[in-house]
Amino acid sequence: MINKYYTSFKYNLIAFALCLLTLPFSRVIAPRAVIEGQALYLTWLPLSVMLALLLIFGRHAIAGICITLALVNYNEWQLSALQNLTLVGCQVIPVLACCAAVRLILGRRWRYGLPDSRMGVRIFWLGFIAPCLMKLLMALAGKYVAFPAEISSFFISDSVLYRIVDTLSLIVASLMFTLIFYFPLRMILTPRYAKTLWRACIIPCMAADKRCFVIGWISTLALTLILLCSSHNSILLSGYLVPIIFVIFTLGIRKLGHRFILLSWSVSAWLLLTYNHNFLLGLKSEYSLSFALSVFVSFTICLLYMTRLFRKSEWAKRLWQEQALTDPLTQLPNLRALEQSLAQHQTPYLCCLRMNNLEFLSRHYGMMMRVHCKVTINKLLQQWLQEGECVFQLPGNELLISLTGPAPQARLTHMVESLNSRKIRWNHHWLEIDFSAAWAVADSDITNLQPTLGQLSYLAEQASAADRVLPLNGRQAVVSGQTSERVFMLQKVKRALDEGGVLLHAQPIVNASGQGYHEILTRLNCDGEIITPDKFIPIIAQFNLSARFDLLVVETMLAWLQAHPAQQNTPRFSVNLMPMTLMRKDTAQHIIALFTRYAVPVSHVIIEITEEQAFSHSEASIQNLSLLRVAGFSIAIDDFGTGYANYERLKSLQASIIKIDGSFVKDIVTDSMDAMIVKSICELARVKNLSVVAEFVETEAQRELLLRLGVEYLQGWLTGKPQPLADLQA
């Protein structure tokens, strides 16, 4: 409690000392003029000091203001106690009442956030209501209390315009000159505030991109003020240079800080009003003077709001720039931020961290799982990163790490090994993610960034279980050639798809009597070059062209079927759908619509899918397969036995045909284990009423054994090699 009273007493004492210094000083330097024989203030600066002290000290300044005003009034005019008390009341009560109103509206922090926080409330109450109330109280006091003749005109005046000019002088003092006292007083009380003000006002103005403008702006303003404040009376200077002041400050808003502009305007206005030989040349009436002060008030309000608008626009610009450097989902810095970092030479090493199975997991758990994993991995990586190192967002299944410390190979290896030993939780599931990485020395040339990222991505993908982290520098020639070859192949594949360069081949699938259907196999034709599946299938899968490719194959096959109709209602072809094709929600509808357009019975075509699709938990895949079955399509499971298939899943399998993978067939004659696996699959398939197709049949011995084990259909070079669909007899 004692400490509280001591602090309050200290604030009152400091405020009183500053009042004794600043209030008399402000009265001395207040600009004056004589209009039609009457002396008046162009701006009554003690009001500016009062507001500045109240904004700094709050209630602690009240006593000091009242005592100092009473002393100044008595010393200047030898007023009686009643006269002095009345005059001090007229000067202080309106200001305190308006400060109380502002505090009521803005709350306890009404004195903070100058000059732009809740500016409209302060302008209304402190800039207009307080001066008007002060003048009104003085007019009322003049009717009941007699004052000396030298100041009686401030209380009672027959001239309405004189009262208007006197009121405008108070408004000018409140709006234009409060900050010119507020900032120096703050710096006297808190020296650290001077440093803050220097950093906020001066240092931004001295930036390299603004320096020339600021020097030119200050020089132009100084020259204009010198001409206007000089003792040489000139109508030319008065008539044409005054508007230039407003133009100069309007132009300065865009480049200079709001505090710097407002302080400069306050100083300039004080000089113009104090040394007013040229500025007020020709203003010999109250009409002219009231108009000039009104222009000052109007421009000050415009300046306050313009500086705030430009400040908000700069803030919004910085915010948009920050957002442009940040990925909206993961909140990680993006490639634009990486380019900026490289341009500033802050990133010696670039490391591509790849999550090899994240694409597969995101098909089953959704895109937000991918985002969650990247955010979690970033949090895990932070414990191994040094100051100045950062994780950047990359599209797909990768993150980019910038390393500045030594030994990037060892550090990255430790990160990858640690991440591979951890699991990530997502919706009550623990996910095991497989990590690999590649790194390279960063190049400050931004034009080389994209090729480097492509090479790092490829190298990280090629990293093996034994060699999880690969450096790019020693393999750059090889990787560059491989990535260039992939890009070249992608261009060929896209051009072939654009031009409809799909060549269909058919390989027979027959039973013991030689009856059956054909499987559609595909080649691509690009500018006369035939591209085989082993080259274009990985490109199609990697660059998400599978749906486009599969639907083009189906449509080409249907065009042939439409041109070669058949009477029997048995399957004629089987066609494969790639995994990503069924991940699209509208795949089944597109396929059904194609069959309707070409008027081909669905019974003529078998849809082949992989085990991954057959046992997928993807909602889109399940829905597409359900729609195809309802439409009447037979579903075949290709490469059965190599992936997720087991006996339990075989029991719940909803398909018509299973195709035993060739890996169980090629050695079936000599490997009894393969024969046993094939026999068990055939027996379970018989119970489920499923047809069984064996692939990779090349010898008579394989054929006889497979038929004896229960296989119904055979496919391989023994039954027939693929031939162009155009050569097939309908």
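Predicted model: local features only at pLDDT ≥ 70, side-chain atom pairs only at ≥ 80, totals over all residues.
Which residues of H19 are buried?

1. **Helix H19.** The buried residues of H19 are Leu 449, Thr 452, Leu 453, Gln 455, Leu 456, Ser 457, Tyr 458, Leu 459 and Ala 460. The helix covers residues 449-462, and its 14 residues should span 20 Å at 1.5 Å a residue; the end C-alpha atoms are 20 Å apart, so the two values agree.

2. **The cores.** The largest nonpolar core has 97 residues, and those touching the most other members are Leu 53, Ile 65, Tyr 182, Phe 249 and Trp 265. Helix H2 (residues 45-57) gives this core its largest share, 11 residues. Another core, of 66 residues, lies apart from it and includes Phe 549, Leu 551, Ile 607 and Ala 685.

3. **Around Phe 249.** If you click on Phe 249 and set aside neighbours within four places in sequence, you will find contacts with Trp 217, Leu 221, Ile 261, Ser 264, Trp 265, Ser 268, Phe 299 and Leu 303.

4. Leu 189 belongs to helix H8 (residues 178-189) and is partly exposed, at 32% relative accessible area.

5. **Two glutamines with positive phi.** Gln 78 has a phi near 50°, positive though the residue is not glycine. Its place is the loop between helix H3 (62-77) and helix H4 (81-106), and at 54% relative accessibility Gln 78 is exposed. Gln 331 also has a positive phi, of about 60°. Gln 331 sits in the loop between helix H14 (286-324) and helix H15 (335-343) and is exposed as well, at 55%.

6. **Asp 434 and Arg 468.** These two form a salt bridge, with the closest N and O atoms 2.5 Å apart. Asp 434 is in the loop between strands E7 and E8, and Arg 468 in the loop between H19 and strand E9, so the pair ties together parts 34 residues apart in sequence. Asp 434 is partly exposed at 27%, and Arg 468 is partly exposed at 24%.

7. **Lys 492 and Glu 529.** Here the closest N and O atoms of the salt bridge are 2.6 Å apart. Buried or exposed? Lys 492 is buried, at 11% relative accessible area, while Glu 529 is partly exposed at 36%.

How values were computed. Residues numbered from 1 in each chain as written. Heavy atoms only, no water. Helix = DSSP H or I, 4+ residues; strand = E, 2+ residues; numbered from the N terminus. Expected span 1.5 Å × (residues − 1). Buried < 20%, exposed > 50% of the residue type's maximum accessible area, 1.4 Å probe, protein only. Core = buried A, V, L, I, M, F, W, Y, C linked by side-chain atoms within 4.5 Å. Contact = heavy atoms within 4.5 Å. Salt bridge = Lys/Arg side-chain N within 4 Å of Asp/Glu carboxyl O.
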